[in-house]
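Open the model in your viewer and keep the sequence panel beside it. The tour goes from one selection to the next.

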Amino acid sequence: RSPSPQSPSPDVPCRDAAQRLAPGGDKVLLFLVDQAQRVGVSLSAAIVEEMSAYVRLIARWNLHHGLVGGGVAAKRKAARGDGFSDGDTVAWERIAGNHFPDAVQLAAALPAAITCVDIGAGAGLPGIPLALLRRDLCVTLVEPNQRKCAFLRTVVHELGITVRVQAERMEMLSAPSFAAAWSRATWSPTEWLRRAPVLVETGG
């Protein structure tokens with residue numbers, strides 16, 4: 001398989017967009033810009049804007065639907081009605097800082113134009129940011145929770161990305177049908193390595 005395409009270094013407009021769109025969280029996006037540059041992944045100003053829109057969607061839905069765990073303090077904030085505002089620094093640090101780097105690393109590692117699946121996708125991390133970074137990939141998000149699937153479909157629609165959302169359990173998938181598969185915090189690494197081979201094609 002051919003390696004993932006190498007992309008030009010991020011430009012000044014990309015950095016300007018990071019500072020403009022993420023008040024209080026611009027350092028997180030600037031970190032991602034630098035990380036992407038080091039591994040040869042394109043992180044343009046347009047992608048920065050899309051990532052910003054994605055984090056805002058998570059922040060809005062999380063207030064009422066609990067998409068991303070935030071501990072007792074975050075739940076108390078939400079109960080008061082003031083948790084996770086659109087430009088909340090906490091939202092940026094928790095979501096972008098903790099989860100987006102995984103997408104950058106996957107974007108650098110995956111071959112071009114393959115099919116891949118995110119099992120137990122939750123709020124779409126890292127599958128959605130990966131799809132923003134690598135439009136050539138065919139990404140499927142598998143999540144049994146209907147509420148989270150509704151959120152994922154909203155994200156796909158509002159960002160205009162080609163991502164498939166399947167509201168079912170891993171056991172219901174036709175296998176093997178993917179070149180790459182991953183799962184975050186669904187099983188232990190040992191258990192995931194036992195389950196994953198049924199999903200991927202030979203050599204995946």
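Select residues 115-119, strand β1, and residues 138-142, strand β2: the two run parallel and are joined by 5 bridges. Strands here are DSSP runs of E with at least two residues, helices are runs of H or I with at least four, and both are numbered from the N terminus. Two strands count as paired if DSSP finds at least two bridges between them.

This is a predicted model, in which local features need pLDDT of at least 70 and side-chain atom pairs count only at pLDDT 80 or more, while totals for chains, interfaces and linings use all residues. Residues are numbered from 1 along each chain as its sequence is written, and side-chain values use heavy atoms, with hydrogens and water left out.

Threonine 115 stands opposite cysteine 138 in β2, and valine 117 has threonine 140 of β2 as its bridge partner.

How many of the 5 residues of β2 are buried? The count is 4, so β2 is largely enclosed by the rest of the structure. Buried means under 20% relative accessible area, exposed means over 50%, and partly exposed lies in between (1.4 Å probe, protein chains only).

Look across to β3. Strands β2 and β3 run parallel and are joined by 4 bridges; leucine 141 has valine 165 in β3 as its bridge partner. From β2 the chain crosses through α7 to β3, a right-handed β-α-β crossover. Right-handed means that, with the strands pointing away from the viewer, the path from the first strand over the helix to the second runs clockwise.

Show the whole sheet: an open one of 4 strands in the order β3-β2-β1-β4, with parallel pairing. At its edges are β3 (163-166) and β4 (180-183), each pairing on one side only.

Finally, look for aromatic pairs, of which the whole structure has 3. Tryptophan 187 and tryptophan 192 form a stacked pair, because their ring centres are 5.8 Å apart and their planes are at 10 degrees. Rings of Phe, Tyr and Trp (its six-membered ring) pair if their centres lie within 6.5 Å; planes under 30 degrees apart count as stacked, over 60 as edge-to-face and the rest as tilted.
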